[in-house]
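Hello,

Here is the structure you asked about. My notes follow below it.

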Amino acid sequence: MDVAVNEPAVAIAGCGAITALGIGIEPLQRALPAGTSGLRNRECTVGKTRQAIIAGWVTGETLDQLRASDPGHAGSRAFLFARAALKQAGQNAGNLLDSVPPSKRGLVLSTTKAGIDALEKLVRHLPCSPMAQRHIQPAWLAADLAVACAAGGPVQCVSAACISGLLAIQQGVALIRRNLADVVFVAGVDLISDFVLAGFVSLKSLDPEGCRPFDKARIGLSLGEGAGAILLARCDLLPSPSVRVSGWGTSNDANHLTGPSRDGSGLVLAIFRALARAGVAPDSIDYINAHGTGTPYNDNMEALALRAVFGRRVPPFSSSKGMLGHTLGAAGILETILCLAAMQAQLLPGTPRLRERDPAAPESLLDHSRPASGLRRILKINCGFGGTNGALVLERELP
Amino acid sequence: MNPPAILAASYLGPEGHGNDLTGLRAWPASLNEALQRGELDGLHWSLVSDSDPSRFARMDLMCRLGLMAAELLDAGFDAMPEARRERIGVCVETFAGSLDTDIRFAQTPRPSIFAYTLPSTVIGEICIRYRLKGPVLCLVSADAAGNNAAVEAAEWLKLGDAGACLCLSCEALDRKTAVAAGLPGHLPPDGWHACALLIGGREGAPRERPFAAGSLVEICRKLCSKPKRAC
């Protein structure tokens, strides 16, 4: 793998989030030590059946607060969530943006279904605002978010199932490394809509009791919704040591559309690619934030892949899906934000909602959060429909 | 890494279907009228291949078109060693994405089509058929010309992330479906197409041509309109 010596290193300058736990990254930081879960029960109509769904719903209170602070959002929930998260990411970066002209600000959006709730209204002949109809199209949602962020540089939209978030970060890094931008807003957003619920219910993928990643009795996932945003920047623009995105890699299983490869070999490829790009050995990883959906096949596959890469010494690892649910196109970004929070707090996050660990999982599975000194390098992994696998290496710079 | 070169190109669109060796062939008369109107349901695997159509039959329009474009490349993936296929990436760019299937699923949710409500599913289908395991990317872009896919793929080659890359631009939103759902504005401005470009390092292969970034649609249409054999 070639090393491009003249390309700038890229770090994370700011974050923002709208999740089941509330507005901002503070609720996520507070939830990490205790492993608080934001999953809640809500009565829904799925198809023609009324049923209770446990998921990471953005609460009505959060929605009211967002609408009150942004009365002109014109009816697209996806835009409302993503814009709020992006605004926080910009503010969280201090005065960085003051020195970056709009032409050097890029934006990459990650989403699987963008404003799909508007399509549901259209096919049912319900009223739907022009803005909401526009945001069915992910590229137009990205364009409108770029305008909202005064990002006049390159704009991209990534939609690659559940690795979209990690791919969007990778693309944001690429735009900076190619000198097309000095900073890049990366946002991930997805909603729990009737459309998405109908799909996962029809595939029998949901756990009626709520997801239990890496649990012996796990039977499925829980969906989540919301938005995550990070602001990427050239390292030399940042005043103090930060967290760099030092490695990335993707792969395809070439095996099955909706299920992971049984042996984890595709994920192994993605992890090795990310480690090679970062120029680090497996034993330098301090913590792994797994995809960990809670489906029997996914978690088994990840356990196999981790053993294949790390052998008997799998670093401490956990899943965050029990905290926020599976937020699909936002997952890679929100879980990266959780990794940053863990580094900041020097904490190894546990696995919320885990009751009895699966004996097939490596012993280093973290059931509860615990303090960790010297937490410096984190591997973040995600996998998705279509056999896609993604891996990212995050590295805290030393002062 | 040698400078990137075009190793193969294919195109399907209202004008016909073919690759950079065969040139474009006209559609059968029985299909042509509907295809010119942007009604794509009649497209069938047998138009491009003699192989087993069973998997094709369950796919949505986007995957059908994308896989037909990949098959039309006639790139010899099956004969390549596994180590080489492990380093072939797939980069897809689309505007309409899976909207055709989204509309159908929103009208009648069926588990068999849910997996196709993602624009990236075509990557999975291509990778499964040709056993490709390299890097993947799916971009949804406001222009339907595929201006970014080949740029991103060339970057993978430059960085050594992939040895070759199949780039695909695919627009497969059936006009009747879009209009019935009240979304005519979401139709790609230049209608439907699927075109594939295989790029890799220069090795002096007979089909090889110099690569320059640009619209995937224009590059593929041009190469397939002026096939190598006729040069």
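**Notes on the structure**

Helices α3(A) and α6(A) cross in the right-handed sense (right-handed means the near helix is turned clockwise from the far one by less than a right angle, left-handed anticlockwise). Helices (H or I, at least four residues) and strands (E, at least two) are DSSP runs, numbered from the N terminus.

Before the rest, some ground rules. This is a predicted model, in which local features need pLDDT of at least 70 and side-chain atom pairs count only at pLDDT 80 or more, while totals for chains, interfaces and linings use all residues. Residues are numbered from 1 along each chain as its sequence is written, and chains are lettered from A and ligands numbered from 1 in the order in which they are written.

**α3 of chain A and its partner**

The angle between α3(A) and α6(A) is about 40°, and their axes are 10 Å apart. That makes the pair oblique. Axes are lines fitted to C-alpha atoms, for helices over the stretch in contact, and angles run from 0 to 180 degrees between N-to-C directions. Under 35 degrees counts as roughly parallel, over 145 as roughly antiparallel, 65 to 115 as roughly perpendicular, and the rest as oblique.

From α3(A), the contact uses A78(A), F79(A), A82(A), R83(A) and L86(A); from α6(A), it uses L141(A), D144(A), L145(A) and A148(A). Contact means C-beta atoms, placed from the backbone, within 7 Å. By class, there are 7 nonpolar, no polar and 2 charged residues here. Ala, Val, Leu, Ile, Met, Phe, Trp, Tyr, Cys and Pro count as nonpolar, Asp, Glu, Lys and Arg as charged, and the others, Gly among them, as polar.

Of the 16 residues in α3(A), 13 are buried. Buried means 20 or more other C-beta atoms within 10 Å of a residue's own, exposed means 12 or fewer, and partly exposed is in between; C-beta atoms are placed from the backbone. Just after α3(A), G94(A) has a positive phi of about 70°.

α9(A) packs against α10(A) (residues 296-310) at about 45°, with the axes 9 Å apart. That is oblique. The crossing of α9(A) and α10(A) is right-handed. L267(A), V268(A), I271(A) and F272(A) of α9(A) meet M301(A), E302(A), A305(A), A308(A) and V309(A) of α10(A). The classes are 8 nonpolar, no polar and 1 charged.

α7(A) and α12(A) (residues 331-345) cross at roughly 75°, and their axes come within 5 Å. That makes them roughly perpendicular. On the α7(A) side are S164(A), G165(A), L166(A), A168(A) and I169(A); on the α12(A) side are A331(A), G332(A), I333(A) and T336(A). This contact has 5 nonpolar, 4 polar and no charged residues.

**Where the chains meet**

Chain A and chain B each put residues into the contact: 43 from chain A and 43 from chain B. In chain A, the elements giving two or more residues include α4 (116-123), α6 (138-148), β6 (155-158) and α9 (265-278). α4(A) gives the most, with 5 residues. The chain A side has 24 nonpolar, 16 polar and 3 charged residues.

In α4(A), the buried residues are I116(A), D117(A), A118(A) and L119(A). Their cover includes α3, α5 (130-134) and α8 of chain A, together with α5 (99-107) of chain B. Just after α4(A), H125(A) takes a positive phi of about 60°.

**Loop residues to look at**

L365(A) sits in the loop between β12 (347-348) and β13 (370-371) of chain A. L365(A) is buried, with 24 other C-beta atoms within 10 Å. Not counting residues up to four places away in sequence, L365(A) touches F214(A), F317(A), S318(A), T351(A) and R357(A).

R353(A) lies in the loop between β12 and β13 of chain A. R353(A) has a positive phi of about 75° although it is not a glycine. R353(A) counts as buried, with 23 C-beta neighbours inside 10 Å.

In chain B, R131(B) also has a positive phi, near 55°, and is a residue other than glycine. R131(B) is in the loop between α7 (121-130) and β5 (136-140) of chain B. R131(B) is partly exposed, with 16 other C-beta atoms within 10 Å.

Best wishes

Technical notes:
Two residues are in contact if their C-beta atoms, placed from the backbone, lie within 7 Å.
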